[in-house]
Amino acid sequence: IVYQTVAPASARMAAIKTERTLIAAGCAAAGVAVGIGLAHLFQPSWCVKKQLERKDTDGKGEIFCVNVTLYIKPERREEFLSCIQNNKSGTERTEPLALEYTWGESEDSPNTFHFQEKYKGREGFEAHQKTPHFAKWAEFADSDPFTQKPEVVLFQVATE
């Protein structure tokens, strides 16, 4: 798996007025082009509600993001879809530090999937990696299901 870390912007970001803007900014910061089958990411109504429900209470307000592109072998597609739906469901149901977990298939490239995940701080992502549903994903990922290396970009949402 290829990991990249994108440093937060040093200049103050313009006020982010909607979840749509926040996700678009995260995608742009991670080098994910808008319009490649990610349109569903820009209006995830459930994650707006979840983020409002999980407002920061420690004053830090750090949001740690993960953008992932996976290239799945066609013969492993159904197994992948089952595994990733289990991971998404487990994340949403059991992880209090998970703010968003959205994914979809590229409109231009079959069996290419894009993910946008947000956690309350890096500790939220680290907690995610210790869950049973993530362990099932890791087992699947270790079973050679990819046509090329996954692309993973880690970054924090830029703040003041």
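**Entry 1: overall layout**

I began by reading along the sequence, and I noted that the protein follows the pattern β-α-α-β-α-β-β-α-α-β. In total I found 5 helices and 5 strands. I reminded myself that I was looking at a predicted model, and I therefore checked the confidence before going further, since where pLDDT is low, the predicted coordinates should not be read in detail. The mean pLDDT of the protein is 75, with 62% of its residues reaching 70 or more. Over residues 1-59 the pLDDT stays under 50, although the model still has 96 contacts beyond four places in sequence for this stretch.

**Entry 2: burial, surface and contacts**

I then looked up some totals for the protein, and I wrote down that 46% of its 160 residues count as buried. Its accessible surface comes to about 8800 Å², and carbon and sulfur atoms hold 53% of that area. Among the contacts with a separation of 6 or more, 76% are accounted for by residues 24 or more positions apart.

**Entry 3: helix H3**

I turned to helix H3, which runs over residues 77-94 and so has 18 residues by the helix assignment. From its first C-alpha to its last, H3 reaches 25 Å, which is close to the 26 Å expected at 1.5 Å a residue. I listed its buried residues, and these are Phe80, Leu81, Cys83, Ile84, Asn87, Lys88, Gly90 and Thr91. To read such a list I kept in mind that an α-helix has 3.6 residues a turn, so residues three or four places apart point the same way.

**Entry 4: strands E3 and E4**

Is strand E3 enclosed or open to the outside? I found that 7 of the 8 residues of E3 are buried, so the strand is largely enclosed by the rest of the structure. E3 pairs with E4 in the antiparallel sense, and I noted 7 bridges between them. Within this pairing, Tyr101 stands opposite Glu117 in E4. The hairpin of E3 and E4 has 6 residues between the strands, and there Asn111 takes a positive phi near 65°.

**Entry 5: aromatic rings**

How many aromatic pairs does a search of the whole structure find? The search gave me 12 aromatic pairs. One of them is formed by Trp103 and Phe115, which are stacked, with 5.9 Å centre to centre and 15° between the planes. Trp103 lies in strand E3 (residues 98-105) and Phe115 in strand E4 (residues 112-120), so this pair ties together parts that are 12 residues apart in sequence. I checked both residues for burial, and Trp103 and Phe115 are both buried.

I also looked at Trp137 and Phe140, whose ring centres are 5.7 Å apart and whose planes stand at 35°, so I recorded the pair as tilted. Both residues lie in helix H5 (residues 132-141), where they are 3 residues apart, about one turn of the helix. Trp137 and Phe140 are both buried as well.

**Entry 6: Gln156**

Why does Gln156 count as partly exposed? Its relative accessibility is 29%, and partly exposed covers values between the 20% limit for buried and the 50% limit for exposed. I also noted that Gln156 and Cys65 are 91 residues apart in sequence but 5.8 Å apart in space, C-alpha to C-alpha.

Methods. Residues are numbered from 1 along each chain as its sequence is written. This is a predicted model: local features need pLDDT of at least 70, side-chain atom pairs count only at pLDDT 80 or more; totals for chains, interfaces and linings use all residues. Side-chain values use heavy atoms; hydrogens and water are left out. Helices (H or I, at least four residues) and strands (E, at least two) are DSSP runs, numbered from the N terminus. The expected span of a helix is 1.5 Å times one less than its number of residues. Buried means under 20% relative accessible area, exposed over 50%, partly exposed in between (1.4 Å probe, protein chains only). Contact means heavy atoms within 4.5 Å. Accessible areas come from the Shrake-Rupley method with a 1.4 Å probe; for residues, only the protein chains shown count as cover. Rings of Phe, Tyr and Trp (its six-membered ring) pair if their centres lie within 6.5 Å; planes under 30 degrees apart count as stacked, over 60 as edge-to-face and the rest as tilted. pLDDT is the predictor's confidence in each residue, from 0 to 100. Two strands pair if DSSP finds at least two bridges between them.
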